[in-house]
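The entries follow the order in which I consulted the structure.

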Amino acid sequence: RTNPRPVRGAITINIGDMLQVWTNGKFTAPEHRVRTNPKHERFSAPFFFNPSYEAVVAPVEDVVGKGKAKRYRDIQWGHFRSQRFAGDFADKGK
């Protein structure tokens, strides 16, 4: 995991677990923890986009590359989401 440093004037975009799976780990979904700073304002505009609960999410073959191993198994979104919400999956997306 990485801890990005704040960059003045920058916009931070946190990707989610499914983008991590689609990219076979090229992009990593961060553990979302907000640090407050009483000296500076912070603005958030959360937006969530989820596939249907029946959707199966898997690493994209073109991203994985021919002859290379998938780092993630296929995931049915509805099952993954319900287990994540219940706290049964670790915060790694695997």
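I looked up Arg84 and found it buried, as is Asp17 (buried is under 20% relative accessible area, exposed over 50%, partly exposed in between; 1.4 Å probe, protein chains only). The model is predicted: local features need pLDDT of at least 70 and side-chain atom pairs pLDDT 80 or more, while totals for chains, interfaces and linings use all residues. Residues are numbered from 1 along each chain as its sequence is written, and side-chain values use heavy atoms, without hydrogens and water.

I noted that Arg84 and Asp17 form a salt bridge at 2.4 Å, N to O (a side-chain nitrogen of Lys or Arg within 4 Å of a carboxyl oxygen of Asp or Glu). Arg84 belongs to helix α3 and Asp17 to helix α1, so the pair ties together parts 67 residues apart in sequence (helices are DSSP runs of H or I, at least four residues, numbered from the N terminus).

I counted three salt bridges in the structure. Lys70 pairs with Glu61 at 3.7 Å between the closest N and O atoms, and with Asp74 at 3.6 Å. Glu61 is exposed at 51%, whereas Lys70 is partly exposed at 39%.

I then turned to the largest nonpolar core, whose seven residues include Met18, Val57 and Phe80 (buried Ala, Val, Leu, Ile, Met, Phe, Trp, Tyr and Cys residues joined through side-chain atoms within 4.5 Å). Helices α1 and α3 each supply at least two residues of this core.
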